[in-house]
Structures are given as C-alpha cells and as structure tokens.
Amino acid sequence: MNTFTPELSVLKNAAPKQFEEREQTMPRQIVADSHIVLFVGQHIETPELESQGYKCFFAQDYDTAIVTIEQLQSVFRRKPGVIIYRSHTDNQKGLNAWKQFFQQDSSCACIPFLLYTEDVTPEMTAAVKKYTFIDEIITTKCLPKLASKVAFINKFKQLNAFPPLTVVGGKRKQDHKRTVNAILKRGFDIIVAGTALLVISPILLLIAAIIKLESRGSVFYAARRAGRNYQVFKFYKFRTMVADADKKLQQLQHMNQYKNGDGPVFYKVSNDPRVTRFGAFLRNTSLDELPQLFNVLKGDMSLVGNRPLPLYEASTLTTDEWAQRFLAPAGITGLWQISKRGKKEMSAQERIALDINYSNQHNFKYDMWIMANTPKALIQKDNV
C-alpha cells in the first residue's frame, strides 16, 4: 500500500509519472483527483483499491490528514477524490474537527467523506445524522464498488455546492423570474398540501386500517430516494406490497420491463406478484401516493416535479446530460406521469428525456398546466 505521513516526506517518491507529466501542462488550478484516496485513522489494508489504480494515502489522525491535503494541493495541485475516516472510540472529537474544516474551506466540502467500520452501530448511524458532511457508512464489502459510489456522491455534492448560474456577457445574472417562480411554487405547495391533508384525513385513516387488516407489516412504506440535486430523503407511500417485498426483488429481475444492459437502470414489473389485492387498488387509483403530501410539507419534494428515484436508479444517472433531471424539484406528479404513465412501451431514455424537458422548462405556469392534466392520468391502464 502506498502510504504517506508528512514527517516522512515521501510525496516525491509516491508521485506517479503521469502526475508529473500532467503537472507540466496543467494550469495552477487545484483539482480533485478521483483516484486519490485519503484514509484517516487506523491503517487499512486495501489491495483491491491499488489493483484498481487508486493512489492511497494514510494519515493517523485529523492533524496529519490536513497536512497531507495541504501537501497534495501545494505539490501536485490536487485534492483527494475521497476521504475515508476509520471509526474509533474518539469519533466525536475528530468529527468536530472535520466539521470545522469543511465550514472554513468550502472548496474541500465537495470531497466525498465516508465513515469506515467493520460493524454499523446505532452510535454511528446517529453520527451520520448529526454530521451532515458524512455521506455514507461503508464496510470492507463496499470497497470493490468504491469508484461508482464516489462518482455518485461527488456529482450530487457538486450540484449542491455549485448550482447552475445564468451568465450573460461574462457576468452572473440574477434570475428574478426563477426566484418569483420558486416562491410561488413553495407557497402553493404548503397551502395545497396542508389543506388536502386536513380534508382527506378520514380517508387516510380508513386506508391505513384496511392495509393493517389485509396483511402484516407497517402501514407506510418509507424508502430512501434521490431528489433535486441528488438530495436523499425518506419517501413515504402507503404499503401496497407484502412485508418482505424488497427481499424478493432479485427473484423478479426476469420480469423487469426495463432490460437495458449497461444503460440507466429502472425497475418496473407488470402484474407484480408482490402487490396485495388492496395494494393493486391503491396503485390503480394512485391513492398510495397520498402520504407524499407529508414530503411536500417538509420541503423534500413539490406537488409537481420529476419523480424522485431509488438510489440504485439514481446512481446510474451521473453523466452530465442525465444529471440535468436532478436540477428540477422532485414531485408527486410531473411531465412523465401525464405523458405516458403506465404504458409498457416507454423506454428508459424516453423517461429521462421527459424529466430533462421539465427540468429545463419548469415554471409556476407550467406546473399549473401539469396539475390540470394530472386527474385524467390517475387511472392507470396497466398494473405497473
């Protein structure tokens, strides 16, 4: 393993030849290198990373890690592509130091930060909620898939840190129209979602009771979804499947209508055997979507927007073109739902194109047009 500590001054020896060649032609700009991994904490043997072409650096603690980052920037004009922090008994002190560092150096705040452990404990889960710069907890099993994980996290952190700007004549242009649209959209969401929840609360209680009577399991289905700028949140629906439906997903891969090889991954099955009888009714009438009004009130999503995606789908949409769909808010209804909802022939590319179309054109007036056309799309033509 290629390790580094500042006092050993081995950066020169650790520099690959391609670093030196690129250094001669590159400007003085400091860039993140996705193949530089900085480990912090107890030493980790990672032959699988080195075999994938990663350059691994090791720092015993926070102070050593900061010196390593400074030397990488001053000597090679590069920042680590990912920081992997080894969990230990003094987590709070170290994580507080990292929190302060990212607050002071916004240019490093986009670096993916992963918490490494052998066993995920409740304390570590609580730490992830407390320290928002921690992107994910990983174990040894995650290391072979590190490249795709880092690319995904890096993409959404870049979008969150540097939202798209309108530039005219070399100067940043303040888009007042978009600001007004955003205020109208949020105000409309709060009023409509809040009022609707009050009015339909008896219906929500009745649905919850039937679900509980029909099959064992919770009333709600909560899943992690990626919305605007890849922001991950808990997405709520009424449960329409049997309790252990997620565990049966792999068994039904042959029924997935999106079989697109190496392209973007979507999953949808006609006449899914995991769906309960009452669940099928909820899906066909879209009543299973009603709990998402809570997501709207929380600000996770809007009434109108692009469908928030499961993380396994979102992680396949990280190219610059496809990532455009994540520039728009996540929504309960949207252009895809009113255009071709429930039709088997819709390809993954068509879905993405509709999402990108909405992302580029959305405004309050466009949202009202989609809302007006949503009722007739609520009744699906296919059991998907």
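Visitor: How many helices and strands does the protein have?
Guide: The model is a predicted one. Buried residues account for 47% of the 384 residues in the protein. The secondary structure of the protein comprises 15 helices and 12 strands.

Visitor: What is the mean pLDDT of the protein, and over which residues does pLDDT stay under 50?
Guide: In the protein, 77% of the residues reach a pLDDT of 70 or more, and the mean is 79.

Visitor: Among contacts between residues at least 6 apart in sequence, what percentage join residues at least 24 apart?
Guide: The count takes in contacts in the protein between residues at least 6 apart in sequence. Of these, the share that joins residues at least 24 apart is 69%.

Visitor: Which residue caps the N-terminal end of helix H4?
Guide: Helix H4 covers residues 62–76, and its end-to-end C-alpha reach of 21 Å is close to the 21 Å expected at 1.5 Å a residue. At its N-terminal end, the backbone nitrogen of Asp63 lies 3.4 Å from a side-chain oxygen of the capping residue. That residue is Asp61.

Visitor: Why is H9 described as roughly antiparallel to H10?
Guide: The axes of H9 (residues 201–214) and H10 (residues 277–285) come within 9 Å. They cross at roughly 150°. Angles over 145 degrees count as roughly antiparallel, so H9 is roughly antiparallel to H10.

Visitor: Is Glu289 buried or exposed?
Guide: Glu289 sits in the loop between H10 and helix H11 (292–298). Its side chain joins that of Gln292 in a polar contact of 2.3 Å. The cut-off for buried is under 20% relative accessible area. Because the value for Glu289 is 10%, the residue is buried.

Visitor: How are H14 and H15 oriented to each other?
Guide: H14 spans residues 348–361, with a reach of 20 Å from its first C-alpha to its last. The axes of H14 and H15 (residues 364–373) come within 9 Å and cross at roughly 140°. The two helices are therefore oblique to each other.

Visitor: Which residues of H15 make the contact with H14?
Guide: On the H14 side, the contact is made by Asn357, Tyr358 and Gln361. One of these, Tyr358, is among the buried residues of H14. On the H15 side, the residues are Tyr366, Asp367 and Ile370.

Visitor: Which backbone oxygen does the side chain of Asn373 reach?
Guide: Asn373 belongs to helix H15 and counts as buried at 18% relative accessibility. Its C-alpha is separated by 9.3 Å from that of Ser339, 34 residues apart along the chain. The side chain of Asn373 reaches, at 2.7 Å, the backbone oxygen of Trp369.

Note on methods
Residues are numbered from 1 along each chain as its sequence is written. This is a predicted model: local features need pLDDT of at least 70, side-chain atom pairs count only at pLDDT 80 or more; totals for chains, interfaces and linings use all residues. Side-chain values use heavy atoms; hydrogens and water are left out. pLDDT is the predictor's confidence in each residue, from 0 to 100. Helices (H or I, at least four residues) and strands (E, at least two) are DSSP runs, numbered from the N terminus. The expected span of a helix is 1.5 Å times one less than its number of residues. A polar contact is a pair of N or O atoms within 3.5 Å; within protein, one must be able to donate a hydrogen and the other to accept it, and residues adjacent in sequence count only if both atoms are side-chain atoms. Axes are lines fitted to C-alpha atoms, for helices over the stretch in contact, and angles run from 0 to 180 degrees between N-to-C directions. Angles under 35 degrees count as roughly parallel, over 145 as roughly antiparallel, 65 to 115 as roughly perpendicular and the rest as oblique. Buried means under 20% relative accessible area, exposed over 50%, partly exposed in between (1.4 Å probe, protein chains only). Contact means heavy atoms within 4.5 Å.
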